[in-house]
Amino acid sequence: QVQLVESGGGLVQPGGALRLSCVGTGGLLSSAAVDWYRQAPGKQREWVVGMSRAGLTAYADSVKGRFTISRDNAKNTVYLQMNSLNPEDTAVYYCKAQLFGEEYWGQGTQVTVSS
């Protein structure tokens, strides 16, 4: 059973930083394209950032320059470093992996930016 598990969320003050982790079982993430999405209360889930299998990255305009995606294949983990957080970044953050035509989602981790 392929599983993705996110962690690292929490409460942070505006201007603060968090690093989210997404761990995949079975070596999944080292071979997959990975994206981070987020869903704020009352809003649709939105794409935040993605990394291809080759390591190419793309970012939503709303997070460009503040968020960074990275991958550690040895740890089967993808990270999302989030800096300069603001209240509009409050959401549940999900990682998604795509491999051989299949999609796998984690359960999400809550990020709350508030003073």
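Student: Which strand is Ala97 found in?
Tutor: Ala97 sits in strand β9, which covers residues 91-99. Keep in mind that this is a predicted model.

Student: Is Ala97 buried or exposed?
Tutor: Ala97 is buried. Its relative accessible area is 0%, and buried means under 20%, so Ala97 falls in that class.

Student: What does Ala97 touch, leaving out residues up to four places away in sequence?
Tutor: Its contacts include Leu4, Leu28 and Leu29. Ala32, Ala33 and Val34 are also among them.

Student: Which way does β4 run against β9?
Tutor: Antiparallel. Strand β4, residues 33-39, is joined to β9 by seven bridges.

Student: How many bridges join β9 to β10?
Tutor: Four, and these strands run antiparallel. Strand β10 spans residues 102-105. Lys96 has Trp105 in β10 as its bridge partner.

Student: What do β9 and β10 form?
Tutor: A hairpin, with two residues between the strands. Phe100 lies in the turn and has a positive phi of about 50 degrees.

Student: How many bridges join β9 to β11?
Tutor: Three, again with the strands antiparallel. Strand β11 is residues 109-113. There, Val111 is the bridge partner of Ala91.

Student: New topic. How many disulfides does a search of the whole structure find?
Tutor: One. It joins Cys22 to Cys95, with the sulfurs 2.0 Å apart. The two cysteines are 73 residues apart, with Cys22 in strand β3 and Cys95 in strand β9. That links distant parts of the chain.

Student: What kind of bond is a disulfide?
Tutor: A covalent bond between the sulfur atoms of two cysteines.

Student: Is the link of Cys22 and Cys95 right-handed or left-handed?
Tutor: Right-handed, with 60 degrees about the S-S bond.

Student: Are Cys22 and Cys95 buried or exposed?
Tutor: Cys22 is buried, and Cys95 is buried too.

Student: You mentioned β3. Which strand does β3 pair with over six bridges?
Tutor: Strand β8. Residues 18-24 of β3 pair with residues 77-82 of β8 in the antiparallel sense. Val23 stands opposite Thr77 there.

Student: What is the strand order in the open sheet of four strands?
Tutor: β1-β3-β8-β7, with antiparallel pairing. The edge strands are β1 (4-7) and β7 (67-72), and each pairs on one side only. Neighbouring strands are turned by 15 degrees against each other on average, direction ignored.

Student: Zooming out, how many helices and strands are in the chain?
Tutor: Zero helices and eleven strands. The chain's radius of gyration is 13 Å, close to the 13 Å that the globule rule gives for 115 residues, so the chain is as compact as a globular protein of that length.

Student: What box do the C-alpha atoms fill?
Tutor: Roughly 40 × 25 × 25 Å, taken along the principal axes.

Student: And what share of the 115 residues counts as buried?
Tutor: 43%. The accessible surface of the chain comes to about 6,000 Å², and 48% of that belongs to carbon and sulfur atoms.

Key. Residues are numbered from 1 along each chain as its sequence is written. This is a predicted model: local features need pLDDT of at least 70, side-chain atom pairs count only at pLDDT 80 or more; totals for chains, interfaces and linings use all residues. Side-chain values use heavy atoms; hydrogens and water are left out. Two strands pair if DSSP finds at least two bridges between them. Axes are lines fitted to C-alpha atoms, for helices over the stretch in contact, and angles run from 0 to 180 degrees between N-to-C directions. Buried means under 20% relative accessible area, exposed over 50%, partly exposed in between (1.4 Å probe, protein chains only). Contact means heavy atoms within 4.5 Å. A disulfide is a pair of cysteine sulfur atoms within 2.5 Å. The radius of gyration is taken over C-alpha atoms; the globule rule is 2.2 Å times the number of residues to the power 0.38. Accessible areas come from the Shrake-Rupley method with a 1.4 Å probe; for residues, only the protein chains shown count as cover.
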